[in-house]
Amino acid sequence: WYQASKAGAFVGLLGGVLVWGYTLLLPSFEGGSVIPASLFQEGPWGIADLRPQALFGTEGVDPLVHSLVWSLGINVALFVLVSLVRDQKPLERLQATVTGIAEANGASASLAVTGSTPVTGNHPQLLQAMMPTLVRAAGEDRVFEGNLITGAEDFSYYQEKIPGLFLMLGVGDPAVPREQRPSNHSPLFTVQEDVLIVGVRTLVGFALDYPGGGRF
């Protein structure tokens, strides 16, 4: 159910457990000295409909069935009610969306959100060795070190295994001021395709110029 929430699940589970304890566990103490017999015979505060083994007048039912029906019913009712009246958290909505898309295509999916990713950067020695390739591919006046940014990149996991370089290829329209260009996550983003050849030259150059057998 895509509107389900963690709060609804928690409250529903708690309510079901409490009803189970009240209707099945508590009666096991009947006849003892701790709990008065009037609770089982007359109900709390004399309310007969709240007798542990005859909730709301359901008498003559097997105790196990009686407890199962009421605890499960309260569980489901609270789960649905709380989920409906309480807004889902963003992560819960995202999980519901992921699950719905997967199920619509006959698949299953799970969502995991990690706290952070390692810092992405350029290996100093590798960058120095490959700088001539960059200059040859793009032009000396077009190669520069970018500013530090806080965006996360999973490329950093590769760099934990081998030295790496992370490059950004400028493909925006130079006729449009930088601050007015839509970002690459915008539906208005456009690519100057003639710039892509620079990326191709760079990658081919890296493959050809990478120091043979060299380790950084």
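**Exercise 1.** In which helix is the place of Gly15? Determine also whether Gly15 is buried or exposed.

*Solution.* The model is predicted, with local features requiring pLDDT of at least 70 and side-chain atom pairs pLDDT 80 or more, while totals for chains, interfaces and linings use all residues. Residues are numbered from 1 along each chain as its sequence is written, and side-chain values use heavy atoms, without hydrogens and water.

Step 1. Gly15 lies in helix α1; helices are DSSP runs of H or I with at least four residues, numbered from the N terminus.

Step 2. The relative accessible area of Gly15 is 11%, so Gly15 is buried (buried: under 20%; exposed: over 50%; partly exposed in between; 1.4 Å probe, protein chains only).

Step 3. Gly15 touches Ile74 and Leu78, leaving aside residues up to four places away in sequence; contact means heavy atoms within 4.5 Å.

Step 4. The C-alpha atoms of Gly15 and Asn75 are 5.8 Å apart, although 60 residues separate the two in sequence.

**Exercise 2.** Describe how α5 and α7 are arranged.

*Solution.* Step 1. The axes of α5 (residues 124-138) and α7 (residues 196-209) come within 9 Å and cross at roughly 150°. Axes are lines fitted to C-alpha atoms over the stretch in contact, and angles run from 0 to 180 degrees between N-to-C directions.

Step 2. The two helices α5 and α7 are therefore roughly antiparallel, a term for angles over 145 degrees.

Step 3. Residues of α5 that meet α7 include Met130 and Leu134, and among their counterparts in α7 are Val198 and Phe206.

Technical notes
Parallel < 35°, antiparallel > 145°, perpendicular 65-115°, else oblique.
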